[in-house]
Every structure is written in C-alpha cells, then in structure tokens.
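Good morning, colleagues. Please look at the sequence and the structure on the screen while I speak about aromatic residues and nonpolar cores.

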Amino acid sequence: MSEILRIDDIDKACINALLENPRGSWRELSLASDIPEKKLSRRISKLFDEQIIRTVVELNPLVVNKGFTVHVWLSIEIGKVKEVAQFFSERPEVRVVFLTTGMADIFLEIGLEKPIDLHPWIHHFVTQIAGIKTVETQVVLKPFSWASKLKKPSAFPSVISQHSLSQDELRFIQALSQDGRISIKSLAENIQMSEHKTLKMMTDLLEEEVFSIRLDFEPNLIGYDTEAIVLIKARPESVSEIVKVLSKIDNTRCLFGISGESQFFWHILCNDLSDLWYLTTEKLSQLEGIQSCNTNMITNAYKRAGYMRKAETFTNS
C-alpha cells in the first residue's frame, strides 16, 4: 500500500515560490511566499528530504548536441501493465514512465546517446520483453518549453548555436545535478574551482541555454488533479503561431516539436476533467492550422525526470 504524503497551504506556497526561482535564497523565497525565513527553510528542507520535490538539471540537446530524446508508446497485454511499467522505471536511460489512456497503455521518454542507438534499443531489447504488444516511437526534434519552465518566444532561433562542453563544464553540471540548490561556495569547492569562475560559468551556461534548472514535483500537490499528453497535428505554415500561443498557456508543462504524424507533443496540467475538455476543444479550436488532436490522460506516474516516485498517492491536508 502506498504511503500517503500530506501537504498544507504553507508547503504549497513554498513549492510555488521554488517553481519561479529554483535557486532562490531563503530571503528571496520568503519574500515571494510571504512566509518567515526560518519556517520556510524548515518546510522546504523537509520537502526535499522526503523527496516530495527535487531540483532537476537538464541539458538542452539542441545546444550541446548531446543526447537523443525519444518518446515511446507501448500497448501491453492485460494484467502486465504494472509489471512492465516497473521494469522500465528501473532502466537508467528511461527518464519518464506514465500509465496512460488513449493510444497506448504506457508512455516512456528515453534518452539515448545518438540516433543510431534507437534501432537496437527498440528491436533488440524492447521487442524481447514479455507482455509488450505494440511499440510506437516519436523523436523530439525541438523543445519549446520544458516542464513548467517556459522559454521566451525570442528564444526560438532559426539557427541554434552549438556549445561543446569542456571537462570543467561537465564536472560543473554533474555536481549541480546532485543538488540544484547547492551554494556557489560549496559548488566551487566540489569542482575545485574559484567561486568567481564557478559563478561566471553558471551565468554563461544559463544565458546560452545550455541547461536549465527546474523543480520536479507531483502536479496534484498544487491543485492540478488531471494531467494529459495531447498530440497535435497542424499545418506547417501555422506552427510558429501555435507555438507562441501554447507556450503562454499556464497549463503547459512541456511543448515539443516531434517526428511522426503529429507535429506537437503538448503535456498539460489541468484542475479537473472539465478544464481538460475546455483546453482540448474550445481553446484549440481558436487556433488556425490545427487539424486534429489526440488526448491521452496520465493515470499514474512511475517515474519523472529520471527519478522513481516515492509514493503513488499524495493528498492536501
């Protein structure tokens, strides 16, 4: 039986402040949430200690030319869904594992080193796993917004500058991945670099959008009880305008350009089923160029951002 994790309004205020500023100081977060610093620091430390929330460092594969992100949809034999989901949750290359309704039973997001690795992963590995009936793949071609961290419209260049990571930068990112809120002093000591150089490296890499720091959390902790992945088919001439509109919608968690029949992978958080219905009918109908959409509700998350979920059930007290 899953452990029930309870949060209150103070916890939710802390989470909202961290969403806006994952590396904010206690003072900055206190001012943003209107919670006294000591109380805020205790609550946030507890949320991290209990793994209810965590900071995540994500490389931008389009900038660093490193990694190959693929979405995999699996149809599973009756009675084997949980077993297969648990199996993939334990694989290091699998970042996300959702149970879904709609086009498949399980959704995976995987990270491979290069495109040539996909064929053996699917045909020599996945197809040999008992219980899997069908497999469908989509390659992420362009990220427009990452989980709850929108990119500015001006950040969609037609020509993307490549950045080759140095050994110092790789060590920096690896250390930051262990604790996204680590102080510059501790980070500098960890990678044996001066504080000034460490701070400059972080500033430069963030400005170049080499990586992003965000907060990973369970959506229902802050009132989003319905979560879905919407695959959108659109006319090519309308893509730019659709990106601008969908990126600005508060419900948007991720928006990617993908390969395959659909042009967009739109991961959304909704208050309830009525909210989901409004977004996928009335809201999308207002956008010219959308030809069709396929809505797949997420019923359970086994893994997010590369981390196994501590519990399946969360409640607000």
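Phe98 counts as buried, at 3% relative accessibility. How are the rings of Phe98 and Phe107 arranged? Their centres are 6.0 Å apart and their planes stand at 25 degrees; planes under 30 degrees apart count as stacked, so this pair is stacked. Phe98 and Phe107 also belong to one aromatic cluster, together with Trp73, Phe256 and Phe265.

The count of aromatic pairs comes to 11. Another of the pairs is formed by Phe88 and Trp121, with ring centres 6.2 Å apart and planes at 45 degrees, so this pair is tilted. Which parts of the chain does the pair link? Phe88 lies in helix H5, residues 81–89, and Trp121 in helix H6, residues 118–125; the two are 33 residues apart, and the pair links distant parts of the chain. Phe88 is buried, with a relative accessible area of 0%. Trp121 is buried too, at 8%.

Let me stay with Phe88. Leaving aside neighbours within four places in sequence, Phe88 is in contact with residues including Leu74, Val94, Val97, Leu108, Trp121 and Lys303.

That brings us to the nonpolar cores. The largest nonpolar core has 23 residues, and those with the most contacts inside it are Leu74, Phe88, Ile106, Leu108, Ile110 and Trp121. Two or more residues of this core come from each of strand S3 (68–76), H5, strand S4 (94–100), strand S5 (106–112), H6 and strand S6 (132–146). S3 gives the largest share, five residues. There is a second, separate core of 18 residues, with Val230, Ile249, Leu255 and Leu284 among them.

One further aromatic residue deserves mention. The charged end of Arg181 sits over the ring of Trp26, at 4.9 Å from the ring centre.

Finally, a word on confidence. The chain averages a pLDDT of 86, and 87% of the residues score at least 70. Over residues 148–160, however, the pLDDT is below 50, although this stretch has 22 contacts in the model beyond near neighbours in sequence. Residues 311–317 also stay under 50, and here the model has 24 contacts beyond four places in sequence. Where pLDDT is low, the predicted coordinates should not be read in detail.

How values were computed: Residues are numbered from 1 along each chain as its sequence is written. This is a predicted model: local features need pLDDT of at least 70, side-chain atom pairs count only at pLDDT 80 or more; totals for chains, interfaces and linings use all residues. Side-chain values use heavy atoms; hydrogens and water are left out. Rings of Phe, Tyr and Trp (its six-membered ring) pair if their centres lie within 6.5 Å; planes under 30 degrees apart count as stacked, over 60 as edge-to-face and the rest as tilted. Helices (H or I, at least four residues) and strands (E, at least two) are DSSP runs, numbered from the N terminus. Buried means under 20% relative accessible area, exposed over 50%, partly exposed in between (1.4 Å probe, protein chains only). A charge sits over a ring if NZ of Lys or CZ of Arg is within 6 Å of the ring centre and within 35 degrees of the ring normal. pLDDT is the predictor's confidence in each residue, from 0 to 100. Contact means heavy atoms within 4.5 Å. A nonpolar core is a set of buried Ala, Val, Leu, Ile, Met, Phe, Trp, Tyr and Cys residues joined through side-chain atoms within 4.5 Å.
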